[in-house]
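My notes below go from the whole chain to single residues.

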Amino acid sequence: MTGLPWDASYHDGPAPWDTEQPQPAIVRVAAEGGFTGAVLDAGCGTGENALHIASLGLPVLGVDVAETALAIARAKADDRGIEVEFAAADAFRLQRLGRRFDTVLDCGLFHTLDGDERPGYVASLASVTEHDGTVYVLCFSDNGPDTGPHPIGREELRAAFNPEAGWNIAAIEPDRIQTRFHDDGAPAWFATIKRM
């Protein structure tokens, strides 16, 4: 998957999804101790969520296909004195990282995928998630007014992260995703998924 279309999103100022702060849902879960061990932020963009988690003392790798976003993320890390790693990676080939993670975050990536792309992506996540590890997915929801682009149904999450593929969904809760176009955030699902 080429990173060029995504990279272009960062050329003329912040992308629509780049609010220049971590998502409140991620801050809340981090405060509750939801991130443990080595953490992967898949589709990290300019790194706000990864930087927040790393500021708590956890080892974090943020990956994205957009080199411009990664350059911005690295500059933020330097400016803030936060130790965190950012790397270019294809979300469909995460096994190429040669590493495994206790906690994986997908904030705003899953809902960009077409239905036929999801099994490959979920298999890629499985290849880097430790058994008993946790994957968090924050994605646009089809539940409520003023939904974001590419809203996802609860059943679409259940279909993608199913027991046959080695997953157990612990919870899918309504939440919000902050964007530059939604005053109070867009309707979202926050899914907590365990790797079996």
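**Elements.** I first noted that helices (H or I, at least four residues) and strands (E, at least two) are DSSP runs, numbered from the N terminus. Counted in this way, the chain has six helices and seven strands, and along the sequence I read them in the order α-α-β-α-β-α-β-β-α-β-α-β-β.

**What I am looking at.** This is a predicted model, in which local features need pLDDT of at least 70 and side-chain atom pairs count only at pLDDT 80 or more, while totals for chains, interfaces and linings use all residues. Residues are numbered from 1 along each chain as its sequence is written, and side-chain values use heavy atoms, with hydrogens and water left out.

**Overall size.** I looked up the radius of gyration, which is taken over C-alpha atoms and compared with a globule rule of 2.2 Å times the number of residues to the power 0.38. For 196 residues a compact globule would have a value near 16 Å, and the chain has 15 Å, which agrees. The C-alpha atoms fill a box of roughly 45 × 40 × 35 Å along the principal axes. I then checked burial, where buried means under 20% relative accessible area, exposed over 50%, and partly exposed in between (1.4 Å probe, protein chains only); 52% of the 196 residues count as buried.

**Strand β1 and its neighbours.** Two strands pair if DSSP finds at least two bridges between them. I found that β1 runs parallel to β2, joined by four bridges, with Val 39 having Val 60 as its bridge partner in β2. β1 also pairs with β4 in the parallel sense over four bridges, and there Ala 42 stands opposite Asp 106. In a regular strand the side chains alternate between the two faces of the sheet. In β1, Val 39 and Asp 41 on one side and Leu 40 and Ala 42 on the other are all buried, so both faces are covered.

**The nonpolar cores.** A nonpolar core is a set of buried Ala, Val, Leu, Ile, Met, Phe, Trp, Tyr and Cys residues joined through side-chain atoms within 4.5 Å. Which residues have the most contacts inside the largest one? They are Tyr 121, Val 137, Leu 157 and Phe 161, in a core of 31 residues. Several elements each supply at least two residues of this core, including β1 (39-42), β4 (101-107) and α6 (154-160), but α5 gives the most, with five residues. Apart from this core lies another, of 28 residues, among them Ala 25, Ala 54, Tyr 136 and Ala 188.

**Helix α5.** I listed the buried residues of α5, which include Arg 118, Tyr 121, Val 122 and Leu 125. What covers the buried residues of this helix includes β1, β4, β5, α6, β6 and β7.

**Val 84.** Is Val 84 buried or exposed? At 18% relative accessibility Val 84 counts as buried, although its place is in the loop between α4 (67-80) and β3 (85-88). Taking contact to mean heavy atoms within 4.5 Å, and not counting residues up to four places away in sequence, I see that Val 84 touches Ala 50, Leu 51, Ala 54, Val 60 and Ala 77.
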